[in-house]
Each structure stands twice: as C-alpha cells, then as structure tokens.
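Let's take a walk through this model, starting with how the chains pair up and ending with some individual residues. Keep the viewer open as you read.

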Protein chains: 2
Amino acid sequence: MEDKKQKKFVKEITSKEEDFSQWYTDVILKTDMVDYAPVRGCMVIKPYGYGVWEGIKDVTDRRFKETGHKNAYFPLLIPENFLQKEADHFEGFAPEVLWVTHGGSEKLSERLFIRPTSETIICTMYSKWIKSYRDLPVLMNQWCNVIRWEKTTRPFLRTAEFLWQEGHTVHETYDEAQEETLQMLEIYREVAEDELAMPVILGEKSIGERFAGADKTYTMEAMMYDGKALQAGTSHNLGQNFAKMFNIQFLDRDGKLKYGWSTSWGISTRLIGGIIMVHGDNRGLKMPPRIAPIQVVVLPIASHKEGVMDKAYELFTQLKEDFRVELDDREGYSAGWKFNEWEMKGVPLRLEIGPRDIEKNQVTAVRRDTLEKFTLPLEGLNEKIAEILDDIHDTMFKIAANHRDENTHESIDYDEIKEMAKGIPGFIKTMWCGSEECEEKLKSDTGLTIRCIPFEQKHLGDNCPICGKEAKHMVYIAKAY
Amino acid sequence: MEDKKQKKFVKEITSKEEDFSQWYTDVILKTDMVDYAPVRGCMVIKPYGYGVWEGIKDVTDRRFKETGHKNAYFPLLIPENFLQKEADHFEGFAPEVLWVTHGGSEKLSERLFIRPTSETIICTMYSKWIKSYRDLPVLMNQWCNVIRWEKTTRPFLRTAEFLWQEGHTVHETYDEAQEETLQMLEIYREVAEDELAMPVILGEKSIGERFAGADKTYTMEAMMYDGKALQAGTSHNLGQNFAKMFNIQFLDRDGKLKYGWSTSWGISTRLIGGIIMVHGDNRGLKMPPRIAPIQVVVLPIASHKEGVMDKAYELFTQLKEDFRVELDDREGYSAGWKFNEWEMKGVPLRLEIGPRDIEKNQVTAVRRDTLEKFTLPLEGLNEKIAEILDDIHDTMFKIAANHRDENTHESIDYDEIKEMAKGIPGFIKTMWCGSEECEEKLKSDTGLTIRCIPFEQKHLGDNCPICGKEAKHMVYIAKAY
C-alpha cells in the first residue's frame, strides 16, 4: 500500500526528463515554497520557501560581517532626476522601473521610481558622508526588496519584485576596490558551494553582460539540471564611474581631493530557484542540509503504541539542541503519506521511531539524497547525524558537479556549436576574440550567451570560431535563465 | 584637557531639558544612527541605527518562532481594487497610500499601491490557501518595508517609509484569535521591558484610536523622557471582518463552512526612536545592553607602550566569545575624544586597558548608565561583564519606570486636566464614559488623546470628567508622538 501511495504522489510531479519547466512549477507549488501573487510577475514566498531564504541570509550575512561589512537601510523610492545622473546606468534600468506618481489623491511634484538597485541613492548619501581618507573604506550592505518590471517572469528565477542583498563599498584605490570585488565573489562561491552544495564557475562577464555602469562584472554561474546556466551572483568593480557622477570625493593622505573607487555586489532569492533546479529529482526537492529549513524530521511509527510518542518527543527535544528539526505528530495521515510528503519537501534526513526501534535502542534513518535506509543507535545520535548531514552535503555537491562536468563540452567549430544549440547543449567551452559583434552574433544565431570568461583558462585553439580572428579568451557559452 | 574636550563634545548636543526636539535631532544625527534621505519623509538608517534594528529583530523573531509562527514574504504592490474590498480599512489608509501608475514608459492597466500594511493582499492569499480546519491556525509573519505618505515626519518616529514586522493569523474560533492577540501583545511587552529596558502600559485602544477594520486593538504605550507617549506596538483582533470581506472560509469539524477569525500585530523601527527618547541623556544615547549593537568597547590606553596593544587584542578576542564588542584601535584620536564618542553612542560598558592595568592584571571599566568607574580583575572577566550588563539593564529599566511614575498623575477634574495640558503633562489617569464624543472633545480641547484603557484598572471616580455621565473605564491620556 505504501508503494501505491508513493507512486500516486510521485505522479503528481511531472517527470523532469519529460518537461523540466513543468517539473519546476509542480515542485515549487506542491511543496509550498511559493505561490503566484495576484500582481503581475510577483510571487508570495511561503514559509517553507522563505525558510530557505533565511538560511541563505544567515550563512551569507555572517561572512559579510566577518569581513567588516555592516548592514544599513536606504529608501525604496528614488527621485527621477537621480536615475539620469549616470547615463549608462539610466539606459540599463529605465525601461523596467516602476513609477510612483501620486500620494493619496495628490500628484507628486517629482516622480519617484522604485529601486531596481540602489547605486544612485547610496552614492548620493556617500558623497555627503565621505570627506577624508579616514572615512574609507565604507563597507555597507542592505537586505531589501527591489523591483524590475520585466515582461517574462518565473517564481524565484525572474520576478518583478525580488529579495536580495546589495553591498556597496568605496575605497581609496583601484587595487582595494578590485580586491573587494573579488573577495565578495569568493564569499558568494563559499555560500554556493560550501552551503548550498551548488558548484559554480567563477569568471568575468563579457561587455554585453556587464552591469550597467560597471568597469568589470564578475559572476558565478551554475548549471541547472536541464543544462541551462543560472547567473547565481555578481560582483562589480564600478571604477570611478559612480564616484564621478555622484561626486564622491575624499581628501587623501597627500592633501589632494580624489574620487573614490566603488564596488557593488548582490545575490537574490533567485538562488532558491537554483537550489531547486540543481538538486531536485522526480520525488521533489532535495534541500542542501546546511540551509535546509528542516534538517531532520522525526516520524513516530505506530504512534498509538505505548511509549512511542514519549520517545519521539524525547528524541525531538534532544535533536533540537543541534539541528532544525520537526516532529510530525499529525494525526489522520498514514506513515506512507508522511514519508512521501517529507521526501517531496526534500528534508535531508528522516528518522522513524517505532516500537521495534525503541526495543533495540535505535532509530531508523532514511537519507533523502540516496534514499538509503539504515538504523542508528540512540547513543551518540547527535554527533552521528552531524556527520551524516555533512556527508549528504558532500554527496549532493559531487552529484551536481558530475552532472555539470558530464554536460560541459569543448568546441571551437562554429557549425558544431550551432548544431548543439538546437537543443540545450549544457556548457560549451569555446574561444572568443573579445568583440561585441561576435557576442551578439552568437546570441542571435544560437540563443547561447557568453556566461563568463572563467578565471581558469584553457587554450582550446588560436581563433574565434565566430569571426576566425585571433582568440583572446576561453569562454563558457550556454543557454541561460 | 580631557574635561575641556568632554565639555566641547557635550555642548554639541542641545540639552534635553532646554529643547527636547533639538536634542533628539542632534543625538540621532551625531551618533550616526540615521540621516535624512533626499526623498520627502524618508530616512537612511545608518549601520549603527540598523544594528539596533537587527538587535530588536533577533529578540523578537526568536519569540515569534518559539510560539509557532513562521516568516513569509508577500508582495510590496497591491492592485487598487483590493483596497476597496474592506470599506473601513480603505477609509483608514487611502489618503496616505502611494500610487504606482507606470512601468517603464507604459501605463499600467490597473493602478497599484505600495503596501501601508498587508491585510488585503495576505487575506486574499489566505482565502485561497485555507480550506479546512486542518489548515488552521495559520501563523505567519513578515519583516518588510511599508509606506504611509504622511505629511509630518521625524526619523524613526514617523517616516513615510519604515521597517516593521506584521504578523497575520487565522483561527477557528473567536477565543483562539483573542488568545493570539493577547499573546503577541505579551511578547511585545517582553521585548520592550526585558530587552529594551522600556517600561510599557498595556491596554486596549479606544474606538477612535483603533486600527482600521479591527474589532479590538491592544497597545503598549511607553513614556518618553519629555512626558509624551509613544505607541510602541499594537495587536489587533480583526474578528471576522477581513475573513468576510476576503472570503476566508474553512470546512469545520462539524462539516459546516465557517469564516475564520483573524489577527494582525506589528512593531516597527519606531521602537528605535523610543529607545533613544526613553534612555538618552545630555551625553547622548544609552543603549539597552541586550540589543546594543556594541555592548562593550575596549580602549587601549597609551597604546604605544609595549604590550598594550597585544593585551587589548587578547581581551577583545576573549570578549568576542560572549559579547558584541569593538576594539577602538584608531590612531590619531585622543583617549578623551574616544571616551566621549563611545559615551555619545551609548555603549553600555567601556573597558580601558593601559600599562598600569596590565601590571595589576585588571581592566578599568566605566558604565554608561551611571558613569561609575571601577576596576575588574581579568580573571573571570566574561562572567562578571555578563552580570554588569544585566545590572545596567535593570538600572536603566528602573530609572525609566521611576521617571514615568513621577510623571503620571491622576485627575478627574476636567478644568485641571485642561490646565495641565497647557504643557506636557506626562500621563494622566482619568475616567471616561466610553463615548467617541468625549474622546473627540478631549482631543480638540487639550491635544491629549486616550492612549489606552489599561488592563490594570483603578476606580478614580464615578463620572466622566468631560461629559459628567457615568464613567466606564479608567484611561491613560497624554500627548503623543
């Protein structure tokens, strides 16, 4: 009977091999991660989805603080004239900002836009606050909502409103700004790989994919199960562009007035979509243990039998000391139904405790990643579980990295690339001359975009496969979310 | 020389006895809590101010989770037609909502407003999610920004945009909703009194001060140093009002379809203003130790002497295990200047370590609340500091409670009340017939408002001093922020 129910359950989620897009929609809705909001392109992040965001925030914010950054909060609304100060930036964001025109029934004297990102307002404040080299570096971050009024949206991956953090720093020298830019990228890599078990490629963005107003944009790119790329976090060296536009000047040690060097960097609720699409399978989600809202679920078996509920509560209390744990003591649901639900929700470890387990002083454990079932002695349980969760993390990372490597190809033959691009080719490593023309041509010919110029270079050939001229870089190209 | 500098410093802050409003402005700006934003009525919360908010969030969120609430996130923008569903609610909020009319250069098909509070959007989602008694209670909360486009604003106390949390719950019965409403008020009391050292009066709001759409609004009211009241947190029993308007129905155990009973409750960045105005003195802020962004500051004295910096770092590292601590190793500032700065910022405990202290295996400590100076042996320092911080909390609470009690009066003579209202009378306990007419008259005659009908009642007389009719309640009246 258990098996039948399991099948019934699994059936409710479309197979990811059959229709990945529908699989994604099924999973996020059925696991109560998110719901569509009655506002175009907006989502409601339900508690289980928001719990993932809280996990990501915790592990990220800790690293920000350890590296000397402090959180602040800047206004949501920005006067129209601010956007016009930085021409490139304006061009990048103006088409997708939302405009506020009235307060109550009165027309505002100047239109305000809702922040799509906060460089303009933050730089305005920085120009007021920064006077001397003693005020530098300024290392601030904010966790907030932003809005980009895009046409095509998908929960977590691309939504009109999303939650993110945006760091904004100012430094005395170019070198310091560059060091900061790369430091934050490395923090993002740690978050992705060491916390979310999501392997990433680090590199620099091509000009066409660069942040509006930046000198350099660095990115981490992850491969989703379907072979598409997800830009999972970016870090920008803004040079003196914003400092000059917003007049951020400081009196340097040599008594001269100089423009500051600034950076900005961000990750968003998009990462939640990444977690789902990297790790999930046809039973549902697989939560990376270090940020899982529920790391361990305790299920009493034959809970009406004497001693079972008491033991389950005891276990729950003991585990709560070290883990995010839930006791499923709901009545009116079969054990099989509960197994399926917690598997679908991707809880890394399920512990069952029934009369036989109690007799033997053990629990029965099931790992979500491998579905392995085994018993664990109650003695030393918390230590053992900590080890298992680490192992689940490592296993999930390895599976994802293997999948990515298997779906990463090398080609410097443009015809071959075009042929591969008829499907979803995964990542293709190829050579590039560095011109925007070839970048554009690649995109219009194939739908593939240059994901990054990876730090880890390999010489695949001398020429750009698109124009035939001398190649400057090896790049990753892929279809992307 | 130290004294002279101190005086110079203190002079920069207007005396609070002289001009409390200017004192407040001086303190919040000079301590880097906040700055005015270049958007009407909006503020920039600087890292030191935001650190206080993070402290408040931590101690509050923990309590929410312990009582079974989970965080979620609902959209910032709400379609116009939602506001019109609940007539009272519409009337309450329509005059101060901001309207979004355009996305990029295109006019939106329906205007959207920025949430002033989220009952309408959340109830819409709840009506979709809630089907059965098994789905209840729904216990959600969100930490977010809201906007109320008010004319007169002051940083923290009343700003167009502010940060808050809003809890929204649905229950099977009236009794459960009422229990929840009071439970959350009690959590707010704990936060205010046990974490912020801010004594509060608990009670019910009069009809005139009730939340738009609520059956009952409960409040905690704190007295600021100048004798004015601050509404520091509210909890609303919404009855079935929103459930009926938004069609939140569930199939009950008896097989009948019933409307749910809902509550909502919130505290905001306004509490930061409360902390400043309850505890601050003419040297600046006094941070309640349990939420202070910096609990202990370590100051090396004669830091050029051998061993001083090493010992200071050692101390810093040891304290970091248990406290939020900062080591002030800045060069080019005198010890006296630093003393003043940390006093102004209200850090609860300052530890000085110099050659003489090292010799004696001690630190010199100065409490911000009492300015007492004393030495502490290095052995067992962390335990001792924990005790001192608790004592600072208790002392701050007592000072605030005494100040409030000294400025709380009883009167049932309307002429006397009117006379007292020519200044700031503090809290006046009086009797009230319960009519909106008398509430309105009191306000227009005196500028005083009914802060609450406190849970702790006292029979001061038989009649309402305003109309002379039979009194129903004892109330607190005061001028309010």
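**A guided tour of the model**

E343(A) has a relative accessibility of 8%, so it counts as buried (buried is under 20% relative accessible area, exposed is over 50%, and partly exposed is in between, with a 1.4 Å probe and protein chains only). Before going further, some ground rules: this is a predicted model, where local features need pLDDT of at least 70 and side-chain atom pairs count only at pLDDT 80 or more, while totals for chains, interfaces and linings use all residues. Residues are numbered from 1 along each chain as its sequence is written, chains are lettered from A and ligands numbered from 1 in the order in which they are written, and side-chain values use heavy atoms, with hydrogens and water left out.

Back to E343(A). This residue sits in helix α11 of chain A, residues 335-344 (helices are DSSP runs of H or I with at least four residues, strands are runs of E with at least two, and both are numbered from the N terminus). The side chain of E343(A) makes a polar contact of 3.2 Å with that of R350(A). Here a polar contact is a pair of N or O atoms within 3.5 Å; within protein, one must be able to donate a hydrogen and the other to accept it, and residues adjacent in sequence count only if both atoms are side-chain atoms.

Now zoom out to the pair of chains. In general, two copies of a chain are related by a rotation about an axis and a shift along it.

How much area do chain A and chain B bury between them? The figure is about 4500 Å², with 61% of it on carbon and sulfur atoms. On the chain A side, P38(A), P47(A) and Y73(A) lose the most area to chain B, together 13% of what that side buries. Buried area means the accessible area (1.4 Å probe) that two parts lose on being put together, summed over both. The contact takes 57 residues from chain A and 57 residues from chain B, with contact meaning heavy atoms within 4.5 Å. Because 100% of the interface residues of chain A are also interface residues in chain B, the copies meet through the same surface.

Within chain A, the domain assignment gives domain 1 (14-279), domain 2 (296-389) and domain 3 (408-478); such bounds come from an automatic or database assignment. The centres of domain 2 and domain 3 of chain A, taken over C-alpha atoms, are 49 Å apart.

Next, helix α3 of chain A, residues 47-66. It has 20 residues and reaches 28 Å from its first C-alpha to its last, close to the 28 Å expected at 1.5 Å a residue (the expected span is 1.5 Å times one less than the number of residues). Of the 20 residues of α3(A), 15 are buried, so the helix is largely enclosed by the rest of the structure. Just after α3(A), G68(A) takes a positive phi of about 85°. Over in chain B, D58(B) is in helix α3 and is exposed, at 56% relative accessibility.

Helix α2 of chain A (residues 20-30) has buried residues including F20(A), W23(A) and D26(A). After α2(A) comes D32(A), with a positive phi near 60°. D32(A) lies in the loop between α2 and β1 (34-36) of chain A and is partly exposed, at 33% relative accessibility.

In chain B, D26(B) is in helix α2 and is buried, with a relative accessible area of 10%. Leaving aside neighbours within four places in sequence, D26(B) is in contact with E12(B), I13(B) and T14(B). The C-alpha atoms of D26(B) and T14(B) are 6.8 Å apart, though 12 residues separate them along the chain.

Finally, a backbone detail to check: the peptide bond from L136(A) to P137(A) is cis, with omega near -10°, and the one from L136(B) to P137(B) is cis as well, with omega near -5°.
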